[in-house]
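The points are grouped by topic.

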Amino acid sequence: MEKYFLDAQDLTKTFPAPKGGDPLTVFENQSFGINKGEFICIIGHSGCGKSTILNVLAGLDEATSGVVLMDGREVAGPSLDRGVVFQHYSLLPWISSLRNITFAVRARWPSWRKEQVLHHSMKYLDMVGLAGAESRKPSQLSGGMRQRVSIARAFAIEPKLLLMDEPFGALDALTRGIIQEELMKIWEQTNQTVFMITHDVDEAILLADRILLMTNGPYAHIAESVIIDIPRHRERTEIIHHPNYYPIRNHLVEFLVKRSKELANPEMRTQVEPRETRKRVYPPNVNPAADVNSSSNKIIDLEKHKA
Ligand SMILES: Nc1ncnc2c1ncn2[C@@H]1O[C@H](COP(=O)(O)OP(=O)(O)O)[C@@H](O)[C@H]1O
Ligand SMILES: [Mg+2]
């Protein structure tokens, strides 16, 4: 079997019963893999369990059962090998944007000299377009600028895996577009592996190599891994004209509107075999653009036939 850089195997997460209630199984026996350097987005309705999965991958939360392997080693607790960006930036408010980054960089490379730490941190502030704002404290920055500092900090520690939970959810459309472009630029330069949650279909198509589709919960599952067959370098204004764009987009929207609910049948779980006898199941790779291309080929063939 293919060896993934990040291999989530048979993950189950059950939250214990609140007083007088039932326990909640968010997802059960879910497996998926991420290759090194891949940009993966995950989409699914609110409450289906995306953040729970991300927290397990980050080592911030423990799965009830199952394991996550990164580079062949089990993820057990948080590590500087994994950088996390949340929707609401989590900067230290009393120090400058530059110090917020140097703080993390020093923790990552304790033996570095002061100038090296500063130089490295400035490089990443510059990458997100914030050179000149390095001495400002978070309260003196706009929401978009703060989120850029969070992203610069996460990239600056050069984690093996970057995890982002709806990082642009709180931003206006214009700022979001600019930061998406910066993110893609840094990702192309640094060859990071990224796992990102978004509820924005267009954002996912722009950024991702593959998009994982998650059904509604409880007992949510990752139904498909959708291949984004659109060449890079991608530009926001250009990719909508690519012939594969709308077949992919329609497929994603159809999943969110219809199949995420239809597939969320709790009966599904009675078909789950006991862990001991069951084969691990990874979501199938789906290429909506290839499907369309092949059916249009079929149409062309039929036309030929008529002639
Ligand atoms: N600490 C917790 N205790 C109990 N239930 C939780 C906890 N965290 C999340 N949940 C529940 O788990 C489900 C999935 O939550 P979450 O992963 O945040 O969803 P998403 O990120 O997809 O919106 C939701 O029903 C949520 O209420
Ligand atoms: Mg969430």
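**Briefing on the predicted model**

Ile42 stands opposite Ile197 of strand β8. The two strands involved, β3 (residues 39–43) and β8 (residues 193–197), pair in the parallel sense over four bridges. The model is a predicted one, and its protein chain holds nine helices and eleven strands.

**Overall picture and confidence**

- The protein chain has 307 residues, of which 37% count as buried.
- Among its contacts between residues at least 6 apart in sequence, 73% join residues at least 24 apart.
- The average pLDDT of the protein chain is 90, and 90% of the residues score at least 70.
- Residues 296–307 have a pLDDT below 50, and this stretch has zero contacts in the model beyond near neighbours in sequence.

**The sheet and its helices**

- An open sheet is formed by seven strands in the order β6-β7-β8-β3-β9-β10-β11, with mixed pairing.
- Strands β6 and β11 (285–286) are the edge strands, each pairing on one side only.
- Helix α4 (residues 143–156) packs on the sheet, where it touches β6 and β7; the direction of α4 makes about 175 degrees with that of β6.
- Helix α8 (residues 245–262) also packs on the sheet, touching β3, β9 (210–214) and β10 (222–227); the direction of α8 makes about 170 degrees with that of β10.

- Strands β6 and β7 (residues 161–165) pair in the parallel sense over four bridges.
- Within this pairing, Val85 stands opposite Met164 in β7.

**Surroundings of ligand 1**

- The residues around ligand 1 are Phe15, Leu24, Val26, Gly44, Ser46, Gly47, Cys48, Gly49, Lys50, Ser51, Thr52 and Gly217.
- Strand β2 (24–34) and helix α1 (50–58) each supply at least two residues of this shell.
- Helix α1 gives the most to the shell, with three residues.
- By class, the shell has four nonpolar, seven polar and one charged residues.

**The loop between β9 and β10**

- Gly217, which is one of the residues surrounding ligand 1, is joined to Pro218 by a cis peptide bond with omega about -10 degrees.
- Pro218 is found in the loop between β9 and β10, and Tyr219 has its place in that loop as well.
- Tyr219 is not a glycine, yet it has a positive phi of about 55 degrees.
- Tyr219 counts as buried because 22 other C-beta atoms lie within 10 Å.

**Other loop residues**

- Glu166, in the loop between β7 and α5 (173–190), has a phi near 40 degrees, a positive value in a residue other than glycine.
- Glu166 has 19 C-beta neighbours inside 10 Å, and therefore counts as partly exposed.
- Asn244 is found in the loop between α7 (236–239) and α8, and this residue is buried because 20 other C-beta atoms lie within 10 Å.
- Apart from neighbours within four places in sequence, Asn244 is in contact with Asp229, Ile230 and Ala289.
- Asn244 and Asn287 are 43 residues apart along the chain, and their C-alpha atoms are separated by 9.6 Å.

Methods
Residues numbered from 1 in each chain as written. Chains lettered and ligands numbered in written order. Predicted model: local features only at pLDDT ≥ 70, side-chain atom pairs only at ≥ 80, totals over all residues. Near = placed C-beta within 6 Å. Nonpolar A, V, L, I, M, F, W, Y, C, P; charged D, E, K, R; others polar. Pairing = 2+ DSSP bridges. Buried ≥ 20, exposed ≤ 12 C-beta atoms within 10 Å, placed from the backbone. Contact = placed C-beta atoms within 7 Å. pLDDT = per-residue confidence, 0-100. Axes fitted to C-alpha atoms, helices over the stretch in contact; angles between N-to-C directions.
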